[in-house]
Amino acid sequence: MFHNFHILSLSSYAFNLFFASAGMLSSLVMFFKFGLYELFIFTLFSVLFISFAWGKDIAMEGLSGYHNFFVMDGFKFGVILFVFSEFMFFFCIFWTFFDTALVPVHELGETWSPFGMHLVNPFGVPLLNTIILLSSGVTVTWAHHSLLSNKSCTNSMILTCLLAAYFTGIQLMEYMEASFSIADGVFGSIFYLSTGFHGIHVLCGGLFLAFNFLRLLKNHFNYNHHLGLEFAILYWHFVDVVWLFLFVFVYWWSY
């Protein structure tokens, strides 16, 4: 029977990625509790390898002509739902933050932030990270505009990926130099939960951009057909917006 949709063949990628992701989350418990990082590194590389292999197969499906306009409409709807789910995830985190910050309980000294904690100066490393992320938003928009104009966007994509890696490195340095941990009360928990999950999203978004940059080098995209790159750009702008809220409220307002 003829239809306009691509029926997927049997694949073990989803199954393998589920167990690799579950193993990575479990290894984080071992890391925070016992300081064992070897299992986390192994599971992290497993997740990255499976994701890369899965993405490669999806890219080959597109190059083989399976991704017609009906299939691409399904991709767009799926990405919209995915971004909305991410929005709701961070909405829940900010709900927890404001519920605690606006009405601090007696155990916190009825003040926010908790009395006696030496917080991160928002006009130091966090401001630098803000400049880095906003700059990466400019460079990725520059890359998109260049591609739409049928011009080379190699330099702007390289700069965007470097800025993403730079942000991740700076945030790791901030964590190592912070005077409080995730176990230091509700502020420490919310701080590392919000900024940590955002950092994971920056890492995933940077890898997503790097994967599409490799596809760009292999001439998989042109000025009117670059849906995968547009998805990566949309995700990156979402990450930028979330960071602005984190900087204003978690860093600056709480300081």
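Reply: Relative accessible area, computed with a 1.4 Å probe on protein chains only, sorts residues into buried (under 20%), exposed (over 50%) and partly exposed (in between). The model is predicted, so local features need pLDDT of at least 70 and side-chain atom pairs count only at pLDDT 80 or more, while totals for chains, interfaces and linings use all residues. Residues are numbered from 1 along each chain as its sequence is written, and side-chain values use heavy atoms, with hydrogens and water left out. N150 has a relative accessibility of 57% and therefore counts as exposed.

Me: Is H226 buried or exposed?

Reply: H226 counts as buried because its relative accessibility is 4%. H226 lies in the loop between α6 and α7. Contact means heavy atoms within 4.5 Å. Leaving aside residues up to four places away in sequence, H226 touches H144, L147, L148 and F221.

Me: How should I read the packing of α4 and α7?

Reply: Axes are lines fitted to C-alpha atoms, for helices over the stretch in contact, and angles run from 0 to 180 degrees between N-to-C directions. Helix α4 (residues 125–148) and helix α7 (residues 227–253) pack at an angle of about 160°, with their axes 10 Å apart. That makes α4 roughly antiparallel to α7, a term for angles over 145 degrees, whereas under 35 is roughly parallel, 65 to 115 roughly perpendicular and the rest oblique. The crossing of α4 past α7 is left-handed, which means that the near helix is turned anticlockwise from the far one by less than a right angle. Residues in contact include L133, V140 and H144 in α4, and W236, W243 and F247 in α7. By class, this contact of α4 with α7 has 14 nonpolar, 7 polar and 2 charged residues. Ala, Val, Leu, Ile, Met, Phe, Trp, Tyr, Cys and Pro count as nonpolar, Asp, Glu, Lys and Arg as charged, and the others, Gly among them, as polar.

Me: At what angle do the axes of α5 and α6 cross?

Reply: The axes of helix α5 (residues 154–177) and helix α6 (residues 185–217) cross at roughly 155° and come within 10 Å. That makes α5 roughly antiparallel to α6. The residues of this contact of α5 with α6 divide into 14 nonpolar, 9 polar and 1 charged. The crossing of α5 past α6 is left-handed.

Me: Which backbone oxygen lies 3.0 Å from a polar atom of the side chain of S156?

Reply: A polar contact is a pair of N or O atoms within 3.5 Å; within protein, one must be able to donate a hydrogen and the other to accept it, and residues adjacent in sequence count only if both atoms are side-chain atoms. For S156, the backbone oxygen is that of C153. S156 has its place in helix α5 and is buried, with a relative accessible area of 2%.

Key
Helix = DSSP H or I, 4+ residues; strand = E, 2+ residues; numbered from the N terminus.
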